[in-house]
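Here is a short tour of a structure for you to follow on screen. Take a look at it first, then read on.

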Amino acid sequence: MSGVRVLVGTRKGAFILTSDGRRGSWTVDGPHFGGWEIYHLTGSPADPDRLYASQSGGWFGQLIQRSDDGGRTWTTVDNDFAYAGDVGDHLWYDGTPRPWEFKRIWHLEPSRDDPDTVYAGAEDAALYVSHDGGGKWTELTALRTHPSGPSWQPGAGGLCLHTIILDPVHEGRIYTAISAAGAFRSDDGGTSWLPINKGLRSGEIPDQDSEVGHCVHHITQHPSRPDTLYMQKHWDVMRSDDAGANWREVSGNLPSDFGFPIAVHAHEPETIYVVPIKSDSEHYPPEGKLRVYRSRTGGDEWEPLTDGLPQSHCYVNVLRDAMAVDTLDPCGIYFGTSGGQVYRSADGGDSWAPIVQHLPPVLSVEVQVLP
Amino acid sequence: MIRVVLPAHLKTLAGVTGEVRVEVAGPGPATQRLVLDAVEARYPMLLGTIRDRHSGKRRAFVRFYACEEDLSNCSPDTPLPERVVAGQEPFIVLGAMAGG
């Protein structure tokens, strides 16, 4: 029977949760890198034993860890995320120019077919790639130096490049998203970039048709429909069916269209999941009820999923990288909360149960299906 | 040999348990820069954790103490105290209280 490995990054270390394919009984391993922020912990689709972790902290900065044995042992790899060439300025919160300054790696995206190739998204926003398992990082400078770059302003969490999608069909196509610049697409492996924000509406900026300035929180894609993208924006759940060229809102009957993560079912490309959150300042579920909302119609029509989730006095948040799906049948859905719970559904979201309840605040959740 | 005390997180990262001892060779006096060069050469996983990899600037929440003195804001090329050079006192790297 297949196994499942859930990779959890938290404010104070990494945890690895394992189960067999029934996903009922779990082993919790960790903390790895106790005391460090693990913004992202993820595995290579080409080699499930190859893991990458972004390890950072206020004292000692940014490190990248690599495991070649599924997380039993780790090796520190390169952490030289220098900005290439003329660093230049972006806009600060107060609207004044501010030089790009590296703070941390938010997201690591391993190649679909080469365990040694991995992309890294940085704050302040930049995209890096390594082709030797993290031994050396090279900035793909065309994104940061896009003509719109000097007008990019940080979101509340910083000017972070948090989403990287390596298109499974169109060779060289990469999607990225930056808070609060927006979404970008490259069709040439990162040599050039196109802002893809047409149709987004953001009340926080004066020009609704602005090419950039939209606070995109997360984007996801089903591999069988690569031109369809789903987006959780600061406000609004959005959908594109033309590789990001145009977006339309599909928030429908959600109780709040603010949120951070968005995920798509492994076998049903029109089934998507979000976790509505109250905002702008509260950042907890409406009515204190932790509800995942599922749409089986690619948006617009949503149903609350509550079985097994706390429906009173729940004031946690679910961050943008803290939801993932497995590829088993039925599809498993996983998410982690700012309260340290990691929930799983082994039936496509119909019912939920906590795997673990008292971790540090969860920053990221990824899942691997093991042979 | 110069004795260097690393903070717990960096000891874990470097895979050491006690003090680190490094040799600082050169015609000039031992300095903070040369000691950290030697530490990073032996433990490359510490590159960037104590000081910036390119500018060499001390990370904001890292401090350097020795002989009951705060050397954090001394020039990295200032000669270290004689008792540190003689191995009688350690050069202490630590995380500031505000860094976590």
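Predicted model: local features only at pLDDT ≥ 70, side-chain atom pairs only at ≥ 80, totals over all residues.

**The fold of chain B**
- If you walk along the sequence of chain B, you pass through the pattern β-α-β-α-β-β-α-β.
- The radius of gyration of chain B is 12 Å, close to the 13 Å from the globule rule for 100 residues, so chain B is as compact as a globular protein of that length.
- Along the principal axes, the C-alpha atoms of chain B fill a box of roughly 35 × 25 × 25 Å.
- Of the 100 residues in chain B, 28% are buried.
- Taking contacts in chain B between residues at least 6 apart in sequence, 54% link residues at least 24 apart.

**A helix to look at: α2 of chain B**
- Helix α2 of chain B covers residues 32-42, and its buried residues are B:Gln32, B:Leu34, B:Val35, B:Leu36 and B:Val39.
- Which strands do the buried residues of α2(B) pack against? They pack against β1 (2-5), β2 (20-22), β3 (62-66) and β5 (91-95) of chain B.
- As background, an α-helix has 3.6 residues a turn, so residues three or four places apart point the same way.

**Where the chains touch**

- Most residues other than glycine have a negative phi, and most peptide bonds are trans.
- The peptide bond from A:Gly30 to A:Pro31 is cis, with omega near 5°, and A:Pro31 lies in strand β3 (residues 27-32) of chain A.
- Another cis peptide bond runs from A:Asp329 to A:Pro330, with omega near 0°; A:Pro330 lies in the loop between β26 (323-325) and β27 (333-336) of chain A.
- A:Asp236 is not a glycine, yet has a positive phi of about 90°. Is A:Asp236 buried or exposed? With 24 other C-beta atoms within 10 Å, A:Asp236 is buried.
- B:Cys67 also has a positive phi, near 50°, and is found in the loop between β3 and β4 (69-70) of chain B. B:Cys67 is partly exposed, with 15 other C-beta atoms within 10 Å.

Conventions: Residues numbered from 1 in each chain as written. Chains lettered and ligands numbered in written order. Helix = DSSP H or I, 4+ residues; strand = E, 2+ residues; numbered from the N terminus. Rg over C-alpha atoms; globule rule 2.2 N^0.38 Å. Buried ≥ 20, exposed ≤ 12 C-beta atoms within 10 Å, placed from the backbone. Contact = placed C-beta atoms within 7 Å.
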